[in-house]
Amino acid sequence: MGRPLVFAHRGASYDLPEHTLAAYLRALDEGADGLECDVRLTRDGHLVCVHDRRLDRTSNGRGRVSGRTLAELEALDFGSWHPSCALPDGDEVLDESHTRLLTLERLLDAVLAAGRPVRLLVETKHPARHGRDVERRLVTLLRRYGLTEPRPGHPVQVTVMSFSLLAVRRIRELTPALPTVLLLEALPGRLRLGRLPFGTRIAGPGIVLVRARPDLVPALRAAGNQVYVWTVNDPADLDLVAAAGVDGVITDRPAQALARLSEGSPS
Ligand code: G3P
Ligand code: CA
């Protein structure tokens, strides 16, 4: 069995500001199999890659992402909070790829321009002011890019993830061929161990849950599901999930994860 797929969580977000184009291009350079991003809707209906509901932690703005227009967000700095921007390294000149808001469209364009296979995990964040519009807009955008149906030979494969059962169900209803991941912070009370709802075939448990419940990954796999675990940065955790036979790891440090996971698997 080969190593698990390595997905860069918010890009190479340990080294560079999360959700910036620079962080994603770094992850691709490092050889990540795929990228993970969170999406939210702006006040005027654009999908942007931002994790928090508020702007305060990762930009020089204040307040809710959903309360601002795209133009207002484009005027903010999304990189200078990160140590890599405060201490430019040698001759490296920081361009706007380190500081500019990333729209999902720009990320899709970058992934399509990569010239090699890339898997993109798009997480819709809830609760959200725009509710179900997040999934509707996402499916409309992916359809425009021809990415709602797996196409043999196409280098880019999109999978949609959410902690929200309703969001996962909406995606399944809107576009049944698009793979989905149900993210899990805790065990879902109403489901039998290892079972997933709505035709979803990939579980996304957090590493804390995987550590606490060693029976979870085997049960998911026995039920025929794949397992992507987040956010796995610690080498001991990488060893743990690799030994458990998971299909993917989502990490802030793709180069480190690739090196560690490749040590134990035939190339
Ligand atoms: O990949 C899943 C993981 O990103 C979920 O947690 O808070 O980092 O979005 P969070
Ligand atoms: Ca996420």
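The following dialogue examines how several terms apply to this predicted model.

Mentor: The model is predicted, so local features need pLDDT of at least 70 and side-chain atom pairs count only at pLDDT 80 or more, whereas totals for chains, interfaces and linings use all residues. Residues are numbered from 1 along each chain as its sequence is written, and side-chain values use heavy atoms, without hydrogens and water.

Trainee: What makes C37 and C85 buried?

Mentor: Buried means under 20% relative accessible area, exposed over 50%, and partly exposed in between (1.4 Å probe, protein chains only). C37 has 0% relative accessibility and therefore counts as buried; C85, at 11%, also counts as buried.

Trainee: How do you know that the buried residues of α5 line one face of the helix?

Mentor: Helices (H or I, at least four residues) and strands (E, at least two) are DSSP runs, numbered from the N terminus. Helix α5 covers residues 133-144, and its buried residues are V134, E135, L138, V139, L141 and L142. Seen down the helix axis, these fall within an arc of 165°, taken from the directions from the axis to the C-beta atoms, so they line one face. On the other side of α5, T140 and R144 are exposed.

Methods
Chains lettered and ligands numbered in written order. Expected span 1.5 Å × (residues − 1).
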